[in-house]
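I opened this structure to look up a few spots. My notes are below.

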Amino acid sequence: MTDTAPSSSRDEFESMYEKYMLHHPAEIRARLRQLIDKRCTVMVRAPGQEDVTTAALALGERSFWIDVPRNAELTPRLQSAEKLRFESAIELIGVRFTTGPARLGTYEGLPALEVDLPAKLIHLQRRDYVRREPLSSLDCKLSVPAAAGGDRTITARIADIGGGGLAVLTSDDTALQPAVGDELEHVVLDLPEDGPLTVRLRVQHVAKFDQNGRTVVRAGCAFVQLSAQDQARLVRYVMHLDRLHSIRRRELGA
């Protein structure tokens with residue numbers, strides 16, 4: 001997702017997450033150290049470029065080392081970008097920060113990229129994720145038993161989504177009859193501008209209500225065993241939704 005929001009909207013967006021923002025260098029270094037010690041996957045994005053998947057290597061006095069991308073063509077892009085956005089997760093705790101361009105060097109005799117330590121870092125725990133309603137239609141695909149045997153795929157609407165889970169809406173005349181404790185495998189989310197993401201869900205609660213003469217089932221679900229890379233993608237999407245909601249509030253208030 002390309003960041004096209006004006007600076008005033010970005011400022012308002014960041015203020016929404018101010019309580020999760022770390023500013024003290026020692027706290028920032030501690031989170032970066034965890035990324036290294038736990039060998040977390042790190043996603044790096046330069047403005048207008050696709051994500052680069054890499055790994056945290058080491059902390060310097062005033063810098064942070066990451067592995068070079070497998071695709072050598074991507075390294076010059078990280079070197080020439082004015083700003084780089086980093087996203088990862090430590091045991092389902094979202095970590096996000098921005099810093100300057102990368103510098104090519106060596107770490108333990110191998111090529112590596114060095115960036116300056118960030119001035120601030122978002123440290124957002126799973127329980128603190130805010131669920132947001134998508135501003136446009138957002139669907140997911142689920143596998144359900146077919147009458148003739150085997151499975152078939154149905155499409156259901158996502159009512160809201162956050163870094164820890166989502167709520168899915170389906171009518172009671174489908175083969176999907178969720179119950180608390182059920183686990184839904186191979187659920188495919190089609191995230192706008194970010195492509196499909198396959199997740200596993202655990203049903204936490206179920207409610208039914210009438211809508212236009214039909215009974216609609218709402219199942220609140222939690223994500224199960226997300227990888228760091230998938231967690232980072234979800235964090236990015238939820239924050240993107242926050243920014244869109246912020247822009248809409250500004251427009252309505254204008």
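These entries cover a loop residue, a strand residue and a strand pair.

I noted first that this is a predicted model, where local features need pLDDT of at least 70, side-chain atom pairs count only at pLDDT 80 or more, and totals for chains, interfaces and linings use all residues. Residues are numbered from 1 along each chain as its sequence is written, and side-chain values use heavy atoms, with hydrogens and water left out.

**Entry: E133.** I found E133 in the loop between β9 (121-124) and β10 (139-145). Strands here are DSSP runs (E, at least two residues), numbered from the N terminus. Leaving out residues up to four places away in sequence, E133 touches A159, D160 and H245. Contact means heavy atoms within 4.5 Å. E133 and A159 sit 26 residues apart in sequence, yet their C-alpha atoms are 6.0 Å apart.

**Entry: Y107.** I placed Y107 in strand β7 (residues 103-107). Beyond residues up to four places away in sequence, Y107 touches L57, A58, W65 and A112. I also checked D67, 40 residues from Y107 along the chain: the C-alpha atoms are separated by 8.8 Å.

**Entry: β5 and β6.** I saw β5 (residues 84-90) pair with β6 in the antiparallel sense over seven bridges. Two strands pair if DSSP finds at least two bridges between them. S88 stands opposite V95 in β6. Strand β6 (residues 93-99) is mostly covered, with five of its seven residues buried.

Note on methods
Helices (H or I, at least four residues) and strands (E, at least two) are DSSP runs, numbered from the N terminus. Buried means under 20% relative accessible area, exposed over 50%, partly exposed in between (1.4 Å probe, protein chains only).
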